[in-house]
Amino acid sequence: MSDQGIRRPRGTTDYYGQDAQRLVRLRDLLMDESRRYGALEVDPPVFEESRLFHRSVGESSDIVRKETFDLVRKGDKDYTLRPEFTAGVNRMALENKLYASPDLPLRLSYFGKVFRYERPQSGRLREFYQYGVEFLDRTVDLDTSMDCLLLSLSAVQRALGKQVRVKLNFLGSFASRERYKHALYDFFSPLASSMCEDCQSRLKTNPLRILDCKVPEDQNLARTAPRIEDYLDEADRQEYQTMLRTLDEMGVDYEKDDGLVRGLDYYTGLVWEIYDKENPSFPALGGGGKYASLMKDIGGPEFEGIGFSLGVERLLLDMDEERRAQLVEGDGTDFFVIDLERKGKALRLMREIRLSGRCCLTPSFSRALGGAFKMADRFRARKVLIVFEDGHLELKDMESRTQERIEEDDFLRSLKGEN
């Protein structure tokens, strides 16, 4: 059977060349931003027990209902490719007793692939990368919440090289949320027959999710629905106002959005999404929020958490050409060695170049001298070392285009910084 017709699966991406370099550079940049905030890098498994996501993400979320990649059952347990990181990070913190640390809050950061079975489109894939952070503590206080929100903003701004705008909402405590959910149920029940099938199901499981519907007719209904602020208790109201004052004092560009509920069931308190200020029609680059009982729901202590995730492919898609070029600036080849002698000297010199920590490439013997120089240009070589048939060496600076003869001993000393 021929394999010629095999293609990559829909909703996935092949990374190679400069696209792969940008992905690696963006990962380093984002994880460095996490380190500035004291976050420890973590890497949980790419698949977990299915019940982890059903218990933590929530049965009413679209992720669990329609979008998980469930693996063929082997043994006595069901497994699912992770659709998001938060549940797995909390499971890891519980199982490895990271929560017992005397240094709280835990600050954990990740970068890796997630999987969701949804219709592929621009900025929405079935296999994609997420970067994010989870802060875990017995009680997530104002400073921790603001630190997490500010990290999400600084990470996006550092990635894109431009300013962003954040939309935020406050869902309150569980008690406030329950009051609000009852109010939404009472409001939407008489309208259920005119809503989409998903929203009819959400009405029974989690009416909050109706506010997140993307169907235009249901969005129009949601605009006239009760607002969460009317159902917050006094403590919630004061916490929200304090957060807004803090953001005002720091000059953060934000917009209150009463319809923002995020796509998962575990959020309480502050929730937010981040948008490109210069490209407001572009989808959300990421978002996050606070959650109060996720670790307890999977068998752990009563810890709270706050976290965010960014869609890495969306960041790459939203970059302008200047920023895309900046991400691969400095990449290139230190030395491009053209071996015309073919007696082993070039191989020995290339080994010394690499031992010095520099990047070195050479063309195949079949490539003519002119073609070899064109290849050196394509690989953005800084210098070309030519080993001629009689064994002598010439070094060409590809920026100045000057070429001169050099003795082998002098070349080796230059690698060691001795001249």
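In which sense do strand 11 and strand 12 pair, and over how many bridges?

## Basis of the description

The model is a predicted one, in which local features need pLDDT of at least 70 and side-chain atom pairs count only at pLDDT 80 or more, while totals for chains, interfaces and linings use all residues. Residues are numbered from 1 along each chain as its sequence is written, and side-chain values use heavy atoms, with hydrogens and water left out.

## The sheet

Strand 11 (residues 333-339) pairs with strand 12 in the parallel sense over two bridges, pairing being assigned if DSSP finds at least two bridges between two strands. F335 has C360 in strand 12 as its bridge partner. Helices (H or I, at least four residues) and strands (E, at least two) are DSSP runs, numbered from the N terminus.

Both strands belong to an open sheet of five strands with mixed pairing, in the order 12-11-13-14-15. Strand 12 (360-361) and strand 15 (402-406) are at the edges with a single partner strand each, so one side of each is left without a neighbour in the sheet.

## Helices on the sheet

Helix 14 (residues 369-378) lies across strand 11, strand 13 (381-387), strand 14 (393-397) and strand 15, and runs at about 170° to strand 11. Helix 15 (residues 408-415) packs on the sheet, where it touches strand 11, strand 13, strand 14 and strand 15, and its direction makes about 110° with that of strand 15. Contact here means heavy atoms within 4.5 Å; axes are lines fitted to C-alpha atoms, for helices over the stretch in contact, with angles from 0 to 180 degrees between N-to-C directions.
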